Amino acid sequence: KDSFLAVQSILYNLIIRRYCSYSQRPTTLNRLPEINHCDPMASRNSRSERESSSHDDTGSQFLAIAAIGGAVLGASIHALWKQAVYMHRMKKRESRKPLSDGGQEVLIAGIELGGTTSKAAVAWMSNPTKLVDSITVPTKEPAFTFGQLIQFIKEQQTKRSSPVGAVGIAAFGPLNLDKKSERFGCVTSSPKVLWQNFNLIAAVRKEFGDHVCIRLDTDVNAPALAELAYGSHHGAVETSPADCLAYITVGTGVGVGIVVENKPIHGLMHPEGGHIFVQRKAGDNYIPKCLYHKENVEIESMVSAGAIAERCGISPEKLADLTDDDPVWDFVAYYLAQLCIAITYLTSPHAIVLSGGVMKRQSLLPKIRAHFQELNADYVAPPKIVTRLDQYIVGPSFGYEIGVIGALHLGCQAYKEKYGL
């Protein structure tokens, strides 16, 4: 572009100079010297001067015409260049849009950062609940974990012959989700010290560029949004769709995501329901340990995978070996029921979804529901709670892929909002 503009400017200046020089120059007739008609040599010299002057004028005209032609050519090339750039950008943009007629689809990537393991997946935007491919890696330091997840996504771009149109990130917290903050996108006061102040959005932007849509939320808000978008939850009556939902994950830690009228709660930051204080169950002598709340009886320090394992004197990897009738599960169910009561009384969701590694224990949901009914004592009594509690306190709609599906959903949201889809 700069070269074309420079050539155009030079040619334009050449025209002006030549034109001005030619227009101000006296005509041949005006420049004729006085001739002595009786002197043959004078007559011959005069004729020679006239011929020379005529050649000068012809040359000036030629240069002017050539300059005009060059300027027109330069302007034309510049216009064509601008049109070509515009068409290229439009074609690139359209190639990333989902086409209803079976044309090229948009590849979406999702990153789920969990306490023990992290996951990346890709899916086509027309069906984000169907994973095209995925990878799971241990959650270690950012360079290792994030590096492997990013590399996987890049390989998928090549394998699918399609650039990623958006990346959604569902991460453990706390997170800075304030777009006006200088630390927007950072992990903040996480117990995972190595991740503190790591900017997730900046790390993705560095690898994929400014044109890729990126959206970050917690690893509980994201699946809560996905449950509402793709699940079968209904509202106060079975004929109305749900638009308010709570999502609880119980694993290495405990997190709570809440969506009201299809929007996640952020406010000052985002919910940290895993750290609310609860009442100790009679007969439970376990002494909790929290990096921040010490020995206070809070949800996470009482029911996380590490806490359950410590109660039983085993490693977290051995939790699957415990039987369903082990007394520890009743303690876990009691504290999680208190969390469900608090969420119900504060936000009145249409459903509470419980997920995470600990919730793979199928016997837990019925125990949680039983403790919930006992604690509620029919105080809050809509039909869904009184007669259909199994539709109110439920497991995830898409199994334990819901976390990364939530991340993919964030990417879809970001892409659709950017392009007005």
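## Helix H4

In this predicted model, H4 is followed by Gly 209, a residue with a positive phi near 90°. At the other end, where H4 starts, a side-chain oxygen of Asn 199 comes to within 3.2 Å of the backbone nitrogen of Ile 201.

Ile 201 is also one of the buried residues of H4, which are Leu 200, Ile 201, Ala 203, Val 204 and Phe 208. Seen down the helix axis, these buried residues fall within an arc of 165°, so they line one face of H4. The cover over the buried residues of H4 includes E1, H3, E4 and E5.

## Helix H3

Helix H3 runs over residues 142-160 and has 19 residues. From its first C-alpha to its last H3 reaches 26 Å, close to the 27 Å expected at 1.5 Å a residue. Which residues of H3 are buried? They are Pro 142, Thr 145, Phe 146, Leu 149, Ile 150, Phe 152, Ile 153 and Gln 156. Their directions from the axis of H3 fall within an arc of 150°, so the buried residues line one face of the helix. Ala 143, Thr 158 and Lys 159, on the other side of H3, are exposed.

## Backbone features in the loops

With a relative accessible area of 63%, Ser 161 is exposed, because the cut-off for exposed is over 50%.

Asn 262 is another residue that has a positive phi, about 65°, although it is not a glycine. Asn 262 sits in the loop between strand E7 (254-260) and E8. Is Asn 262 buried, partly exposed or exposed? Its relative accessibility is 44%, so Asn 262 counts as partly exposed.

A cis peptide bond, with omega near 0°, joins Gly 173 to Pro 174. Pro 174 belongs to the loop between E4 and H4.

## The loop between H5 and E6

Ser 232 is located in the loop between H5 and strand E6 (244-250). Ser 232 is exposed, with a relative accessible area of 68%. Ser 232 and Ala 242 are separated by 10 residues in sequence, and their C-alpha atoms are 8.5 Å apart in space.

## His 350

His 350 lies in the loop between helix H8 (328-347) and strand E9 (351-355). His 350 has a relative accessible area of 19% and is therefore buried, the cut-off being under 20%.

What does the side chain of His 350 reach? It reaches the backbone nitrogen of Asp 243, at 3.2 Å. Apart from neighbours within four places in sequence, the residues in contact with His 350 are His 234, Gly 235, Ala 236, Ala 242, Asp 243, Cys 244, Lys 384 and Tyr 392. Ala 242, listed here as a contact of His 350, is the residue whose C-alpha is 8.5 Å from that of Ser 232.

## The second largest pocket

The second largest pocket has a volume of about 490 Å³. It is lined by 20 residues, of which Arg 215, Asp 217, Pro 264, His 266 and Gln 413 are the closest to its centre.

Four elements each supply at least two residues of this lining: strand E5 (213-218), helix H5 (221-230), strand E8 (263-264) and helix H11 (402-419). Which element gives the largest share of the lining of the second largest pocket? The largest share comes from H11, with 5 residues.

## The chain as a whole

The secondary structure of the chain comprises 11 helices and 10 strands. Of the 421 residues in the chain, 43% are buried. Among contacts with a separation of 6 or more, 64% are between residues 24 or more positions apart.

Technical notes: Residues numbered from 1 in each chain as written. Predicted model: local features only at pLDDT ≥ 70, side-chain atom pairs only at ≥ 80, totals over all residues. Heavy atoms only, no water. Buried < 20%, exposed > 50% of the residue type's maximum accessible area, 1.4 Å probe, protein only. Polar contact = N/O pair within 3.5 Å; in protein donor to acceptor, adjacent residues only side chain to side chain. Contact = heavy atoms within 4.5 Å. Expected span 1.5 Å × (residues − 1). Arc of directions from axis to C-beta. 1 Å grid on protein atoms, 1.4 Å probe; cavity = no way out; pocket = protein on both sides within 12 Å on 5 of 7 lines; lining within 4 Å. Points joined across faces, edges and corners; volume = space filled by probe spheres on them.
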